[in-house]
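Here is a short briefing to read alongside your model. Please keep the sequence and the 3D view open as you go.

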Amino acid sequence: MAPAFGTLRICEDAADLAHKGATFLCAHAAARSERTIVALSGGNTPKPLYERLAQEPAKSAMPWDRVHWVLGDERFVPPSDPASNYGMARAAFLDHVPVPPENVHPVRTEGVTLDKAAHDYEAMLQGLYGADTLQPGKPLLNITLLGLGDDGHTASLLPHEPVLQVRDRWVRPCPRAAWEERVTLTYPAINASEIVAFLVSGEGKREILDKILSGDDSFPASHIRAHGEVLWFADRAAAGRWA
Ligand SMILES: O=C1O[C@H](COP(=O)(O)O)[C@@H](O)[C@H](O)[C@H]1O
């Protein structure tokens, strides 16, 4: 049985998922002679993968000087807050690797309004892209890592939120999110990725992953696509009958 979209990469467990994800990221970036832009996901699942990036062999394999790191979404809290996606990525790997500071692009969450944070992040992405309009065939992001919430959300594309309807902006604030305020990349921005890699781990994600792979299109994550390929890195606990 083939997934409704994308390709499954089955991993034995969470540790194997972190290993395979980090290996994939390093290999892809190392194979490119030009700049690679990686969008990081937040939440709990990617942390072990990020920690791998700060360890050998990934630390030496990653061409740090030509990889840029952006956030797929961010909680509107200071980096020191445990909920901060940037704070988590820093603690897990960015503070421990030879990445040039100008290659790291956090969402500003202090001293600005939520709207301005989203506006400025969009402007930053447009600067990286070199245009304020997405061009057919020219990806905005090279690799976008995404998680999968048990409600089917991904990035901060939360079920029933107005941001799901946005087609003309790359970054939007999420003022009415179910949890804390957030900033998120929109469908047009995420779907302008060369590769999207979902990271899905644990039995708690089995039901939602099964629904999405089976073609249920009622969830935010069901509408993610890529210029190139969508990969599902899923451990056996999450993949269930798909493994
Ligand atoms: O893509 C994402 O997905 C997660 C789901 O997180 P997890 O903790 O269940 O792995 C989401 O909340 C996060 O902000 C986002 O980047």
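How far does a polar side-chain atom of K205 lie from an oxygen atom of the ligand? The distance is 2.6 Å, which falls under the cut-off for a polar contact (a pair of N or O atoms within 3.5 Å). A note before you go on: this is a predicted model, where local features need pLDDT of at least 70, side-chain atom pairs count only at pLDDT 80 or more, and totals for chains, interfaces and linings use all residues. Residues are numbered from 1 along each chain as its sequence is written, and side-chain values use heavy atoms, with hydrogens and water left out.

**Around the ligand**
- The ligand has 17 residues around it, and G42, T45, D73, G147 and K205 come nearest; a residue counts as near if one of its heavy atoms lies within 4 Å.
- T45 places a polar side-chain atom 2.5 Å from a ligand oxygen atom, while G42 has a polar backbone atom 2.7 Å from an oxygen atom of the ligand.
- The protein buries 91% of the 390 Å² that the ligand exposes when taken alone (accessible areas by the Shrake-Rupley method with a 1.4 Å probe).
- Three nonpolar, ten polar and four charged residues make up the shell around the ligand, with Gly counted as polar.

**Aromatic pairs**
- The whole structure holds eight aromatic pairs (ring centres of Phe, Tyr or Trp, the last by its six-membered ring, within 6.5 Å).
- F24 and F233 form a tilted pair, because their ring centres are 5.6 Å apart and their planes meet at 55°; planes under 30 degrees apart count as stacked, over 60 as edge-to-face and the rest as tilted.
- This pair links distant parts of the chain, with F24 in helix 1 (residues 14-31) and F233 in strand 10 (residues 229-235), 209 residues apart; helices (H or I, at least four residues) and strands (E, at least two) are DSSP runs numbered from the N terminus.

**Backbone points to check**
- Most residues other than glycine have a negative phi, and most peptide bonds are trans.
- The E56 to P57 peptide bond is cis, with omega near 5°, and P57 sits in the loop between helix 2 (47-53) and helix 3 (58-61).
- A155 is not a glycine, yet has a positive phi of about 45°; A155 belongs to the loop between strand 6 (141-146) and strand 7 (171-174).

Terms used
Polar contact = N/O pair within 3.5 Å; in protein donor to acceptor, adjacent residues only side chain to side chain.
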